[in-house]
Amino acid sequence: MTPQRLPSLRQDCEARRDWLVDTIGALARIESPSGDAACLDRCGDAITRLLQETGAEVERLPREGAGAHLRATLGTGPRQVLLLGHFDTVWPVGTLAQMPVAISDGRLHGPGTFDMKAGLAIAMLAATLVRSSLRDLRLRFLFTTDEEVGSHTSRDLIEAEARASVAVLVFEPALPGGVLKTARKGVGVWHLDVHGVSSHAGIAPEAGASAITELARQVLALHALQAPQLGTTINAGLIDGGSRSNVVAEHAHAEVDVRVSAMAEQARIEQAFAALAPHDPRVRLAWRGGFERPPLERGPHVQRLFTMAREAGAAMGLDVREGATGGASDGNLTAALGVPTLDGLGALGDGAHARHEHVDIASLPDRVALAAALLLALDATAP
Ligand SMILES: [Zn+2]
């Protein structure tokens, strides 16, 4: 496709606006919370039909307790591009009753619209629009069912497909204004268990070793590891422990969220957890957990792909910009492998994981146009 055809690509996408709204609305009406295999499979069946309409061959990849992931292939070109997304949502069954799919003020509201059923619709329509123009590319869709709960049953699949790809396009929501995501923090969760020695707080306090006191000191020590200027933050967001105020606490527990922007920081934090030692020798510490997703670093591989997207957008009169976010996605996994990855190609809107979740309808066609133009650029040159 020549640059002269690109303006008409935007018009073609504009003409599909109703299809986009109908499709996103229909998918949002099929509730699909992480962990509910029956609901996820029902939504997966609807997505399978949509993938088949693009001309793709669809495979169901069932996983215990998680519903089937969907993998689909469109075209036979020698180079693979991965179009990555998820159709699980954070919303439990029944949410639709309080948060119905509805249009108002140019917004399509509903659970899972923004994060990220709109992204799936955008990816599928972009593929449909470019499929007959592709010479070198084979499009591989991977739509998974457990992204919101850490991708434990899909990670191997995501990484294998990424390794076989020249680029990974992630259709998670865009940053405000449609800004693409070229940096995401890595996320880790640790559970810290402190086993102390109980005693009577009045009669024999010296015989006890308080798990709560120890945990308090450990939490302060952990928080001291933060390096906000490097993007490293630590939050002990949950603690519990003890049994009664007149008992020196035998047990205490904390759940700690860690975010890092750089691999080197990930290693530093991992070492610090591995080296945790009690201040009071009568106390025993145990921890489990670790990084669920590494940081998506804005390395040269990510920058090259973003530059392609910016140029593809500019050729159509779109101003494409990049930004960073503290949240992780499956793009973190693929970028960490060194595979060019661009995230945030999904919808504009707001309210991911929030009651006001919605997508901005007017902006949907240009998201499709951008994705389609990027696919055409990738067909012409490697990132
Ligand atoms: Zn998401």
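## Exercises on a predicted zinc-containing model

The zinc ion sits in an irregular site, the angles among its four donor atoms running from 51 to 146°. The model is a predicted one, in which local features need pLDDT of at least 70 and side-chain atom pairs count only at pLDDT 80 or more, while totals for chains, interfaces and linings use all residues. Residues are numbered from 1 along each chain as its sequence is written, and side-chain values use heavy atoms, with hydrogens and water left out.

**Exercise 1. State which atoms coordinate the zinc ion, and classify the geometry of the site.**

Step 1. Donors are N, O and S atoms within 2.8 Å of the metal (3.2 Å for Na, K and Ca), and since water is not among the atoms, sites may look incomplete.

Step 2. Four donors count as tetrahedral if all angles lie between 85 and 135 degrees; four count as square planar and six as octahedral if opposite donors are over 155 degrees apart and all others between 65 and 115; anything else is irregular. With angles of 51 to 146°, the zinc site is irregular.

Step 3. The donor residues follow the spacing H-x28-D-x56-E in sequence. His-86, in strand S3 (residues 79-86), and Asp-115, in helix H5 (residues 113-130), are 29 residues apart and link distant parts of the chain; here helices (H or I, at least four residues) and strands (E, at least two) are DSSP runs, numbered from the N terminus.

Step 4. His-86 and Asp-115 are both buried, where buried means under 20% relative accessible area, exposed over 50%, and partly exposed in between (1.4 Å probe, protein chains only). The peptide bond from Asp-115 to Met-116 is cis, with omega near -5°, and Met-116 is found in helix H5.

**Exercise 2. Check the span of helix H2 (residues 17-28), and find what covers its buried residues.**

Step 1. The expected span of a helix is 1.5 Å times one less than its number of residues. The twelve residues of H2 should therefore span 16 Å, which agrees with the 17 Å between its end C-alpha atoms.

Step 2. The buried residues of H2 are Leu-20, Val-21, Thr-23, Ile-24, Gly-25, Leu-27 and Ala-28. Their cover includes helix H3 (37-53), helix H4 (95-98), strand S4 (102-104), strand S5 (107-109), H5 and helix H11 (364-380).

**Exercise 3. Describe the contact between domain 1 and domain 2.**

Step 1. The domain assignment, which is automatic or from a database, gives domain 1 (3-184 + 296-380) and domain 2 (186-293). Their centres, taken over C-alpha atoms, are separated by 38 Å.

Step 2. With contact meaning heavy atoms within 4.5 Å, domain 1 contributes 15 residues and domain 2 eight residues.

Step 3. Buried area is the accessible area (1.4 Å probe) that two parts lose on being put together, summed over both. Between domain 1 and domain 2 the buried area is about 840 Å², with carbon and sulfur atoms giving 46%.
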